[in-house]
Amino acid sequence: MSKPVVLIAEELSPATVDALGPDFEIRNVDGTDRPALLAALADANAILVRSATKVDAEAIAAAPKLQVIARAGVGLDNVDIKAATTAGVMVVNAPTSNIISAAELTVGHILSLARHIPAAHAALAKGEWKRSAYTGTELYEKTVGIIGLGRIGALIAARLQAFGVEVIAYDPYITAARAQQLGVQTVTLDELLERSDFITIHMPKTPETTGMIAAEQLAKMKPTAYIVNVARGGLIDEAALHDALVAKTIAGAGLDVFVQEPPKESPLLALPNVIVTPHLGASTDEAQEKAGISVAKSVRLALAGELVPDAVNVAGGVIDPYVRPGIPLVEKLGQLFAGLAHGPLTSLDVEVHGELVDYDVSVLKLAALKGVFTNVVSETVSYVNAPLLAEQRGIAVRLITDAESPEYRNVITLRGALADGTQVSVSGTLTGPKQIEKLVGINGYEIEVPIADHHIVMIYTDRPGIVAVYGGAFGEAGINIAGMQIARREAGGQALSVLTVDSPVPAEVLERVRSAIDADVFVEIDITES
């Protein structure tokens, strides 16, 4: 039998090929040469890329034998995950390969800003000896604010503490106990902005976090403070940052990522108080080797039909066909749960009720964690790092099975405790021949709502006229309500409304409606497809 064909479309470390082993036919192609790439894909079972090769719908259509796309790195902007999933092609990446490199680059930016290293180098290289022009500041006894205390944020905290700094952090999903373990004080975002001498941001890029550091936030910073972004372009509003730097309402910025890359004609590049690097977060020999070895192992697993922990779109592996449809359902329940959780999570139970308990359902616990963390951490979340993310945050996780399920053949419930002692729960099931994903419970309220892209969940005191209030407000804002269900335990008590809407709702509309109905819970939850 012929060996499976593995196509390497960009330069990868020699260790990558060694990790693949002798069981494959290795072919090489220049992934930026489009005609050559499309021709080479015709026989490929797997393709390994970095960031330059575009594996879009056209490329996937040209590869009828393709089983796996492997990105030797973290970001997946150059891979059409939806097209791959539709074609049944697994997409894998190396989510932990660059965390040390990114953390070290962040520290490098902070030190360069503090001591004006790039500008001093450039001046001396031109023969100018300007010692007094580049007087800097010590890190010792300064305050460093970390926005996003995930894996990279935690590494930065550990490294900076050696400089004798005070580290504070803003992360709505970290528990106080976890922060204490890291030697970090958690604060509000406003307090972090006001107190910090250096700020570094490490959040995922979502609709909620895009532009989260804008003119209003920059105005809260000290005029002597610096801000660094080595995470995702767009977390900082670039126009607002430019204005703040020109006006010198902040001292400077260090940027490794940009909204547009390369940042052609960006006015930020011309400012003397900005240090820029060309997206070097993962550009170390060690990170590239780790990434190559990681995805090579994933390719081996995928082509052998085994579980691939780093698959970002499908679980892969030997999972019973009866269990497999529950995986995307549980991931979505995890996102719904995270949207309802108003504070740090301390424990999570994944309860499986019904006929599913006769099968190995351990993958559903992984799916739940993947869903919970998908939109709340900066890292790409996979089946291998989701349990580690929970462990790092001190979250106790249990899988509970029970053959009893009186209402549905199978029901899966995510039930968790938050740091303030409150409980959150969501339940879901698959119904009918088409296995429609439905949300059947929230915090003890019984409902039956097909899971869609956009939901609004409200809990308020039951009284006449509430539906008219929010229905009218959304109608005036041009938001179409595609579905609605109301549940209550008793007349005049607390009522739950779950709306399905066709598009995201502007924040000001949400706040206006929340205030109008005096809701105890009012959240919009957008579901991200894996």
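Visitor: Let's start with one residue. Which helix holds Gln288?

Guide: Gln288 sits in helix α12, which covers residues 285–303. Helices (H or I, at least four residues) and strands (E, at least two) are DSSP runs, numbered from the N terminus. A word on the source: this is a predicted model, where local features need pLDDT of at least 70 and side-chain atom pairs count only at pLDDT 80 or more, while totals for chains, interfaces and linings use all residues. Residues are numbered from 1 along each chain as its sequence is written, and side-chain values use heavy atoms, with hydrogens and water left out.

Visitor: Is Gln288 buried or exposed?

Guide: Buried means under 20% relative accessible area, exposed over 50%, and partly exposed in between (1.4 Å probe, protein chains only). Gln288 counts as buried because its relative accessibility is 19%.

Visitor: And what does Gln288 touch?

Guide: Contact means heavy atoms within 4.5 Å. Not counting residues up to four places away in sequence, Gln288 touches Ser13, Arg50, Ala72, Ala282 and Ser283.

Visitor: What is a nonpolar core?

Guide: In soluble globular proteins, nonpolar side chains tend to be buried together. Here, a nonpolar core is a set of buried Ala, Val, Leu, Ile, Met, Phe, Trp, Tyr and Cys residues joined through side-chain atoms within 4.5 Å.

Visitor: How many residues has the largest nonpolar core?

Guide: The largest nonpolar core has 51 residues, and those with the most contacts inside it are Leu333, Phe337, Leu348, Leu364, Phe373, Leu414 and Ile442. Helix α14 gives the most to this core, with eight residues. Leu364 touches Val323, Gly326, Ile327, Val330, Val350, Val352 and Ile412, again not counting residues up to four places away in sequence. A second, separate core of 30 residues includes Ile146, Leu155, Val167 and Val228.

Visitor: What lines the second largest pocket?

Guide: This pocket holds about 940 Å³ of space. Its lining has 28 residues, of which Tyr173, Thr206, Glu208, Thr209 and Asn375 lie nearest its centre. Strand β22 gives the most to this lining, with four residues.

Visitor: How many cavities of 30 Å³ or more are there?

Guide: The count comes to three. The largest cavity has a volume of about 100 Å³, and its lining includes Tyr173, Phe337, Phe373 and Ile395. Helices α13 and α14 each supply at least two residues of that lining. The second largest cavity holds about 50 Å³, with Asn229, Glu238 and Leu255 among its lining residues.

How values were computed:
On a 1 Å grid over the protein atoms alone, a cavity is a set of points where a 1.4 Å probe fits but cannot get out, and a pocket is an open set with protein on both sides within 12 Å along at least five of seven lines; lining residues have an atom within 4 Å of a point. Grid points are joined across faces, edges and corners, and a volume is the space filled by probe spheres set on the points.
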